Amino acid sequence: MAFALHAPRVNNNDDIVQVISFRVGVGDFVKRGDVVIDVETDKAIVEVEAERDGYVLKLMCEVDDKVPVGAILLWQGDSADEAVPEAPVAAPAEGGSGIARPTAKARALLKELGLDAAAVPASGERLSLADVEAYMTAHGIRRRDHTPAVSVPAQESLPDVPGELADLNAEERGMLITVSWHRDHAAATYLEVEYDPKAWEDHAAAYASANKLMLSPLLPLLAYRLVQLVKASPRLNATVVNGKRFQYRPVNLGFTVQAGETLYLTVVRDADALETGKFIEALGEVQRHAIQRKLSRDETTGATIAFSSMARWNVSRHIPILPPYCSLMIAHAAPKGSGRAVLGASYDHRVLSGFDVARLLMDLAKPPV
Amino acid sequence: MNLDREAIKGAVRAKVIELARNLGMDAGDIGDDDIIPATGYVDSAAILELVVWYEAEYDMPLKQEEINIDNLGSINSMADFVLKRKGAG
């Protein structure tokens, strides 16, 4: 089945991107991570990468076109001769040409996604919200309302010291979004427990030996244990949106990776559905992609819980910033030579209590039997 | 890309020493058959950097299951694995 590549959101203030150039043409085979299109916003030129391997079936825009974030840039397929879903490029007048008129909710969602109503099949006389959601599911389209706005005081004055202003790069912008959400939305607090690391170290060493692993599986096994504990207690896997509890279905694990000077929160999606070995492989894969600077969008978004270790840097404690819509981030530290280790947690007190988190940390401090 | 076995070993050794130095360790005496993760010179994050460098240096993308002690555990085995994959071993 053909699949679409959508115009990315480069930053929160730009709902439109302009196509600068195509790096590929119809019939080309591209691999996930290949740059296929360059787009520009008011602030930056961004390379858009293919999210999957596949042949380019059809380009849905032209150079210099201004397209809404979320709109389809091109179609790909597993073979070069797949059919592309019918999707007129030009938006027809509403209600004309036999196209089902969208309901108000459907129209709002279409607008949010930058989709043309004519591209979405209607199940009845009117194009319903369910029709649009079914189309989203079929084409792997996600809503983008999980990117919170960054609130920066409009009248912030410049420091009274000579200097120059510069735009933040994508990673810095992401960090600003994260710290802003932590500050403005989460009721973030922190607690920690100390534990004797020997049992976990022995467990990891035995696992590494049995599986001939190159990399110590200690942190992946700790992260996997976290996933399993959260899976068993779904209330730990939730957030608050618009004053309501939002219960996540999958457990998507965020895992921090330092690549050079950049700190990434890599994401293993549906981690709760993976067996131990597959989870370790998946985590290894996203870590490598981070170091290669080839992370896909799915590998950097959608964390529902998270894990961070600074054991490498020999710190005794670190208090993580909560990523947007993530209510729990575990902080691991193990000062060398101390014979002790620390499991801490930043958590959103709107969602979790200290009791919830303390019990989780005590369970996490022990390897599975 | 130099596929001479000694050249590969030298390049891998130099990379391990560089990564160890970043962690404040001197890996100058690492042996060709020493199991790199067991030497204590480099941690998992550094080994991951070593693997990513190795893939790029020898233009040889690895499957996750190939990243194991048998294939990449020592300087010798890393050299052998390149030669095997390149059909030069």
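Predicted model: local features only at pLDDT ≥ 70, side-chain atom pairs only at ≥ 80, totals over all residues.
I started with B:Asp32, which makes a salt bridge with B:Arg13, closest N and O atoms 2.5 Å apart. My rule for a salt bridge: a side-chain nitrogen of Lys or Arg within 4 Å of a carboxyl oxygen of Asp or Glu. B:Asp32 sits in the loop between helix 1 (5-22) and helix 2 (36-39) of chain B, while B:Arg13 is in helix 1, so the pair ties together parts 19 residues apart in sequence. Helices here are DSSP runs of H or I with at least four residues, strands are runs of E with at least two, and both are numbered from the N terminus.

How exposed are the two partners? B:Asp32 is partly exposed at 23% relative accessibility, and B:Arg13 is partly exposed too, at 24%. The classes: buried is under 20% relative accessible area, exposed is over 50%, partly exposed is in between (1.4 Å probe, protein chains only). Salt bridges with shared partners link B:Glu6, B:Lys9, B:Arg13 and B:Asp32 into one network.

Residues are numbered from 1 along each chain as its sequence is written, chains are lettered from A and ligands numbered from 1 in the order written, and side-chain values use heavy atoms, with hydrogens and water left out.

Next I looked at chain B as a whole. I get five helices and zero strands, and the pattern along the sequence reads α-α-α-α-α. Of its 89 residues, 45% count as buried. Its accessible surface comes to about 4200 Å² (Shrake-Rupley, 1.4 Å probe; for residues, only the protein chains shown count as cover). Carbon and sulfur atoms hold 47% of that surface. Taking contacts in chain B with a separation of 6 or more, 54% are between residues 24 or more positions apart; a contact means heavy atoms within 4.5 Å.

Then the interface. Chain B puts in 22 residues and chain A 13 residues. The buried area is about 1700 Å², 61% of it from carbon and sulfur atoms; that area is the accessible area (1.4 Å probe) that two parts lose on being put together, summed over both.

I count four salt bridges between chain B and chain A. One that I checked pairs the side chains of B:Asp43 and A:Arg312 at 2.6 Å, N to O. A:Arg312 also forms a salt bridge with B:Glu49, at 3.9 Å between the closest N and O atoms. A:Arg312 lies in the loop between strand 16 (305-309) and strand 17 (328-333) of chain A and B:Glu49 in helix 3 of chain B, so this pair joins two chains. A:Arg312 is partly exposed at 21% relative accessibility, and B:Glu49 is partly exposed at 29%.

Last, I searched the whole structure and got 22 salt bridges over all chains. Inside chain A, A:Arg288 bridges to A:Glu285 at 3.4 Å between the closest N and O atoms. The two are three residues apart in helix 6 (residues 276-291) of chain A, which means about one helical turn between them. Buried or partly exposed? A:Arg288 is buried at 4% relative accessible area, whereas A:Glu285 is partly exposed at 29% relative accessibility.
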